[in-house]
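Here is a short briefing to read beside the model. Start with the terms, then follow the helices.

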Amino acid sequence: MDELEILKKQWQSQEQGLPHVSYKEIYKMLLKKSSSIVKWIFFISIAELGFWTLLSVFVPESSTKFSDDIGLHNVMVAVNVLNYTVFATFIILFYRNYRKISITDSIKELMQNILRTRKTVKYFVIYNVSASLLLIIGINFYYYANQDIVFKFMTEDYGISNISQERFMRMFFVIQILFGIVMIGFVLLFYRVVYGILLRRLHKNYNELKKIEA
Amino acid sequence: MYNFYDFCNERKHINTNRKANNSPLSKKLEHSFVTQLEKNQNIVHKICRLYTNDSDSHNDLFQEITIQLWRAYPKFRGEAKFSTWMYRVALNTAITLYRKSKRTIKTQDYEGVSFKITAEAYDDTTEQQLQLMYTAVKGLNDIDKALVFLYLEDRNYKEIAETLGITEVNARVKMNRIKEKLRTILNP
């Protein structure tokens, strides 16, 4: 195989034509991990939207019928529209952060982008937690103000009988409060675990960047 | 075949090995890594040139290899030469990345294929032969390419076998088959 031997002989001579990457450039590459972290934030936010959408498909019909019956239909639609709009806005923001981080070259810009991403995620979490909290509190106030209707439709829709209104309502609110706490706890835990890990990594990268910038 | 398991395990180890992130030790680790990579970067460039066809993908692959090397670095404790260890991680990265984007890389532009010689001027036929050979090597599948690369780098079969995680006999047999393949490509 003569040609291969010729190539082998000449193999090392190509080195002069190879590009050279400087110490600082290599160092910077080590920190590029940021872009993949931000990419994950983007993907997870989409997955999350998908999860909530899927969940709403599986909500039992009796439950939607109940909220329709007591006159919350329009409110629920409005809440959903608002929620999806805000979610979509955040997803767009996450995507823009990701694009920006993956094309930056200067360390300074990268640092600014990391800070911006962290802020966006923070607002996203704050929005989600407070929105669910407000929704739960609001609905329960509505229930409280319209106890008669709630009792009437609850007993009709779910076929409950042999219970006084007072006792039923007491049980109802206890369950609502417990459910609300579990729900908020779940949301908080989710964000703490998923986004918390990613944000901590971003922060670590940020600190490393600060060291080479200094 | 390839010791992808080792490769993956190395990547898993990063988290346990780099807990103390701001310690002077990790600072020293960074410095020694970057210095060594800077010194040995030609190896990575040659792999990039072999596995990609334009400067953008060349740079992408270089960066990807750098990151993979850095992730695997805590496991590298000088049991082999830095360059030997580098061959393994870099080739593994090139092969896995290449697998992912096979379709986009298949379209070859001629410019990227050419083998650049900057040493003495050669007569046209030798030059032409070199180009044809290099093009043929680039056309091989990713795994054969890795073997030829190590061969061209003048590694002996023992080293080739170790780097690719195959037996020495297997490496020899494979290399002979590749030579056969290249012969048929060049003289159809």
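Predicted model: local features only at pLDDT ≥ 70, side-chain atom pairs only at ≥ 80, totals over all residues.

**Helix α8 of chain B**

- α8(B) spans residues 142-152 and is mostly covered.
- Eight of the 11 residues in α8(B) are buried.
- The buried residues of α8(B) are B:K145, B:A146, B:L147, B:V148, B:F149, B:L150, B:Y151 and B:L152.
- After α8(B) comes B:D154, which has a positive phi, near 65 degrees.

**α8(B) against α9(B)**

- Helix α9 of chain B covers residues 157-164.
- The axes of α8(B) and α9(B) cross at roughly 145 degrees and come within 10 Å.
- From α8(B), the contact uses B:A146, B:L147, B:L150 and B:Y151.
- From α9(B), the partners are B:I160, B:T163 and B:L164.
- This contact between α8(B) and α9(B) holds six nonpolar residues, one polar and no charged.

**α8(B) against α10(B)**

- Helix α10 of chain B runs over residues 168-186.
- Its axis lies 10 Å from that of α8(B), and the two helices pack at an angle of about 100 degrees.
- Angles of 65 to 115 degrees count as roughly perpendicular, so α8(B) is roughly perpendicular to α10(B).
- B:D144, B:L147, B:V148 and B:Y151 of α8(B) meet B:A171, B:K174, B:M175 and B:I178 of α10(B).
- The residues in the contact of α8(B) with α10(B) are six nonpolar, no polar and two charged.

**Nonpolar cores**

- The largest nonpolar core has 48 residues.
- Within this core, the residues with the most contacts are B:I47, B:L69, B:A90, B:A94 and B:L147.
- Which residues does B:L147 contact, leaving aside its neighbours within four places in sequence? They are B:I160, B:L164, B:A171, B:K174, B:M175 and B:I178.
- A second, separate core has 15 residues, including A:I37, A:F90, A:L110 and A:L202.

**Chain A**

- Chain A has eight helices and zero strands.
- Its pattern along the sequence is α-α-α-α-α-α-α-α.
- Of the 214 residues in chain A, 17% are buried.
- Among contacts in chain A with a separation of 6 or more, 82% join residues 24 or more positions apart.
- A:Y95 sits in helix α5 of chain A, residues 73-103.
- Why is A:Y95 classed as partly exposed? A:Y95 has 16 other C-beta atoms within 10 Å, whereas a buried residue needs 20 or more and an exposed one has 12 or fewer.
- A:Y95 and A:S45 are 50 residues apart along the chain, and their C-alpha atoms are separated by 9.9 Å.

**Interface of chains A and B**

- The interface brings 24 residues of chain A into contact with 28 residues of chain B.
- On the chain A side, the elements that give two or more residues are α1 (2-11) and α2 (23-31).
- α1(A) gives the most to this side, with seven residues.
- The chain A side divides into 13 nonpolar residues, five polar and six charged.

Notes:
Residues numbered from 1 in each chain as written. Chains lettered and ligands numbered in written order. Contact = placed C-beta atoms within 7 Å. Helix = DSSP H or I, 4+ residues; strand = E, 2+ residues; numbered from the N terminus. Nonpolar A, V, L, I, M, F, W, Y, C, P; charged D, E, K, R; others polar. Core = buried A, V, L, I, M, F, W, Y, C linked by C-beta atoms within 7 Å. Axes fitted to C-alpha atoms, helices over the stretch in contact; angles between N-to-C directions. Parallel < 35°, antiparallel > 145°, perpendicular 65-115°, else oblique.
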